[in-house]
Amino acid sequence: MSNTERLIQEIETLPPSDVEKVVDFVGYLKSKSAKPDYVCPICGKSEHTPNAETIAALEEGDAILRGEIPAKGYHSAEELLAALHG
């Protein structure tokens with residue numbers, strides 16, 4: 001007996017409310033496998049491919065959130081811009 005046949009046999013023994021849960025779960029599995037490898041953490045889209053500098057900045061932000069490195073702070077916009085422009 002194939003896995004598909006076994007699955008159908010098992011589903012046929014379930015009450016209707018549980019069958020709906022199985023259908024929902026199958027939809028979840030299909031959507032999960034259809035997702036691209038990369039999804040932008042900012043906009044949630046998959047068509048963007050970040051460059052190395054963007055990936056490094058995102059990783060740094062994650063490290064700050066995890067408490068692995070201290071967050072940078074600035075006292076003014078001018079101080080921030082000076083740091084950005086080196």
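Helices here are DSSP runs of H or I with at least four residues, strands are runs of E with at least two, and both are numbered from the N terminus. With that in place, Ile69 sits in the loop between helix H3 (52-65) and helix H4 (77-84). I will come back to that loop.

First, some ground rules. This is a predicted model, so local features need pLDDT of at least 70 and side-chain atom pairs count only at pLDDT 80 or more, while totals for chains, interfaces and linings use all residues. Residues are numbered from 1 along each chain as its sequence is written, and side-chain values use heavy atoms, with hydrogens and water left out.

Now the overall picture. The protein chain has four helices and zero strands, and the pattern along the sequence is α-α-α-α. Taken along the principal axes, the C-alpha atoms fill a box of roughly 70 × 25 × 20 Å.

Next, the surface. Of the 86 residues in the protein chain, 3% are buried. Buried means under 20% relative accessible area, exposed means over 50%, and partly exposed is in between, with a 1.4 Å probe and protein chains only. The protein chain exposes about 7600 Å², and carbon and sulfur atoms supply 58% of that. Accessible areas come from the Shrake-Rupley method with a 1.4 Å probe, and for residues only the protein chains shown count as cover.

Is Ile69 buried, partly exposed or exposed? Ile69 counts as partly exposed because its relative accessibility is 33%. Setting aside neighbours within four places in sequence, Ile69 is in contact (heavy atoms within 4.5 Å) with Glu60, Ala63 and Ile64. Of these, Ala63 is found in helix H3. Ala63 has a relative accessible area of 9%, so this residue is buried.

On to charges. Side chains of opposite charge can pair when their charged atoms come close. A salt bridge here is a side-chain nitrogen of Lys or Arg within 4 Å of a carboxyl oxygen of Asp or Glu. How many salt bridges does this rule give? The count is three.

One joins the side chains of Lys72 and Glu60, at 3.1 Å from N to O. This pair links distant parts of the chain, with Lys72 in the loop between H3 and H4 and Glu60 in helix H3, twelve residues apart. Lys72 is exposed at 59% relative accessible area, whereas Glu60 is partly exposed at 30%.

Another is between Glu68 and Arg66, whose closest N and O atoms are 2.8 Å apart. Glu68 counts as exposed at 53% relative accessibility, and Arg66 is exposed too, at 52%.

The remaining bridge joins the side chains of Asp18 and Lys21, at 3.4 Å from N to O. Both residues lie in helix H2 (residues 16-34), three residues apart, which is about one turn of the helix. Asp18 is partly exposed, with a relative accessible area of 25%, and Lys21 is exposed, with 56%.
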